[in-house]
Amino acid sequence: MTLARLAALHGVATTYAPSEGVTVPVSDATVVAVLAALDVDAGTPEALDAALEAAHRAERDRLLPPTLVRWQDGRDGLGGLGEGLPPGTRLRVTTEAGGTVEIVDGVLTPDAADGDGAVGEGPGGSAGPAGDRLPLGVHRVDAVTPDGRAGASTLIVAPARVPRPERRAYGLLVQLYSVLSARSWGMGDLGDLRELAAWAGRTHGAGFVQVNPLHAAVPGAPTDPSPYRPSSRRFPDPVHLRIEDVPEYGYVGPEYREALEAVLADAAELRERVLRKGALIDRDAVWEVKRRALELVRTVEPGPGRQADYRDFLAERGRALEDHATYCALAERHGHHWRAWPEELRDPRSAAPLVAADAELSARVDFHCWLAWLTDRQLAAAGATAREAGMAVGVVHDLAVGVHPDGSDAWAQQDAYAAGMSVGAPPDAFNSRGQDWGLPPWRPDALAASGYAPFRGLLRELLRHAGALRIDHVMGLFRLWWVPEGGEPTEGTYVRYDAEAMLAVLALEAHRAGAVVIGEDLGTVEPGVREALSRRGVLGTSVLWFERDWSGSRQPLPPEAWRTDCVATATTHDLPSTAARLSGDHVSLRHRLGLLSGDLARERAEDAAETGEWLGVLERLGLLPEGPGDEEAEIRAVHRFLLRTPARMVGVWLPDTVGDRRPQNLPGTWDEYPNWRLPVAGPEGQPLTLEALAASPRVHRLLALFDLFGTHTAPPGARPV
């Protein structure tokens, strides 16, 4: 079939398998719509034939693919670059350091290596003998055939694997906004992260703290509270700033003191409302108070050293930061729906001279650049504190799967995103309607043509201050489910990405940052994906309740059968807390919200049977000496089990340390449940401050289990528990 052949050439699936042995066809209308989003017209028989001929012609005429990958694993030499090219084709490789290598028929020409960094030792590691390997990096390849045809490609030379943890480590998994201290302004902030990391590392030997995405949210109220639907993944959100830690804060002039005191009073009220009066975390209110404070702090001129640091930051971040700040400034004036802005402002390049000519807008652009700088510096301080506390990994940052269609990245990088498409998930045994996440997907053709520049830039920004990076829905490096705008999630299809190139970029940037990489690979995973990730050193995610012998007995996996290359944990932000799971409260909650598909009694019975089965395993292994019935003891037993696995990293969900029964996010709900707006609380729902957590005997009893890890290098001045 012509349409199927054309779709295959562009990586668009015409069938999918929701479960083993089941194949579902994709409608022609969906395939045509997805191809159109890739600028391929297949809307009529004539257009279809023309598109297929054009694709074949491009394939025939192309000397090199847009992007080439070489791994530094001892197998990929320079000669392989010319494979399949006409005899006598001359290749010239220009490295990112400016050196050159010339190759003809797989052989280096005499004196081919020229300039710094051409062969031998490259950025971040040895490249082996001269003439055998290229240095790590992103290089350019130019090809010229004997008959004069020419082509060019981006060459990514990557280390064979991403870095691994120096030693086995355990750590805390937290939603930062939910961890309020006595100094927070209504939600947890980067000052709280710094305190949490210092306490967990020094007092309990924790090796990492993993936080939710700290990406910039879409501006304006009401803000989407989900950290997984951001405006920009490249830049952090200044709502996380600890205002008092901005050096200029202490020098606000006396003429602004009254205004600052009013801000502080409002901040204290926000904190008290959440901690003492049962209010939800209100991100919009928090940002409004912090914005007022920052406008006052902005009146203080930084010292010369700080000014120099700011100028360096602007120069390093370049056009990407300018675009983001410009978007923020324009959104203040016109709202965040950039497709409704005046036409000349809808494109960053045409908007730039207009903004530069507007003094008020230019000032706001500088303000938002300044906010990005302040936030970056506090992120750096949190990372440094974690390392100083002896953490083997440090702060683990989180990469959301996509961005909001009305946000900064979608405006600034329009060519990289597929218009009229949304990322989601196909129907499966757990969700018959599928899912639409409302996030525009990256175009695989645009990524390849740019040498994966958007992905490289994104990773470089996120890894600046990260000891590790968690990638949400890591399967998206291989393929994503595209849903045409206006269609149901069932009317989508998979679009494939060049996973080899995506993994090479990931390995290169993680290597340069010295960062571990963790993939969230829960749910339905395409065969071969976990193996490919493991081969490149990317850790997976294993949740206790899902670890069973699914292909055999279907019984819980014994701890020794768990995979080594993973983060082992009892739960995640999208799942019930361990207390809710053990008590069955999560079933009652879903029933109250109308989310159960079956009979309540049957659901409760099935849930109780599953929980009982796991408790039986814990008892048989001697991990529950207190016997069943004591919820706190059962939670400790669950974590003793995780310690028995060979997992390189073990994550403790912070709410589990105090018996919090409420999920931070309940998939399938919007206004029905306060997703992403709950502070950490005790079993009865009473919010707990960071200070109360640190002093809690219950927390200490659970974390004391991890003293047996024996992997902690105590920092100077550390105190025993």
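Which helices and strands each supply at least two residues of the lining of the second largest pocket? In this predicted model, the elements that do so are α3 (45-61), β3 (67-72) and α11 (444-449). Helix α3 gives the most, with 4 residues.

**The pocket**

The volume of this second largest pocket comes out at about 750 Å³. Its lining is made of 24 residues, and the ones that lie nearest the centre are Leu9, Arg62, Pro66, Asp445 and Ala448. If you sort the lining of the second largest pocket by residue type, you get 14 nonpolar, 3 polar and 7 charged residues.

**The chain as a whole**

Now zoom out. The chain runs to 721 residues, and 56% of them are buried. Along the principal axes, the C-alpha atoms fill a box of roughly 80 × 70 × 55 Å. How does the radius of gyration sit with that of a compact globule? A compact globule with 721 residues would come in near 27 Å, and the chain has 27 Å, so the two agree. As for contacts between residues at least 6 apart in sequence, 70% of them join residues at least 24 apart.

**Cysteines**

How many disulfides turn up in a search of the whole structure? The search finds 0. A disulfide is a covalent bond between the sulfur atoms of two cysteines. Take Cys328: the closest cysteine sulfur to its own belongs to Cys369 and is 9.1 Å away, so the gap is too far for a bond. The cut-off for calling a pair a disulfide is 2.5 Å between the sulfurs.

Is Cys328 buried or exposed?

| Cysteine | Relative accessible area | Class |
|---|---|---|
| Cys328 | 13% | buried |
| Cys566 | 0% | buried |

Cys328 counts as buried because its relative accessible area is 13%, and Cys566 gets the label because its value is 0%.

**Helix α16**

One more stop is α16, which covers residues 585-592 and has His586, Val587, Ser588 and Leu589 buried. What do the buried residues of α16 pack against? Their partners are two other helices, α15 (578-583) and α17 (600-620). Just after α16 comes Gly594, which takes a positive phi of about 70°.

Notes. Residues numbered from 1 in each chain as written. Predicted model: local features only at pLDDT ≥ 70, side-chain atom pairs only at ≥ 80, totals over all residues. Heavy atoms only, no water. 1 Å grid on protein atoms, 1.4 Å probe; cavity = no way out; pocket = protein on both sides within 12 Å on 5 of 7 lines; lining within 4 Å. Points joined across faces, edges and corners; volume = space filled by probe spheres on them. Nonpolar A, V, L, I, M, F, W, Y, C, P; charged D, E, K, R; others polar. Buried < 20%, exposed > 50% of the residue type's maximum accessible area, 1.4 Å probe, protein only. Rg over C-alpha atoms; globule rule 2.2 N^0.38 Å. Contact = heavy atoms within 4.5 Å.
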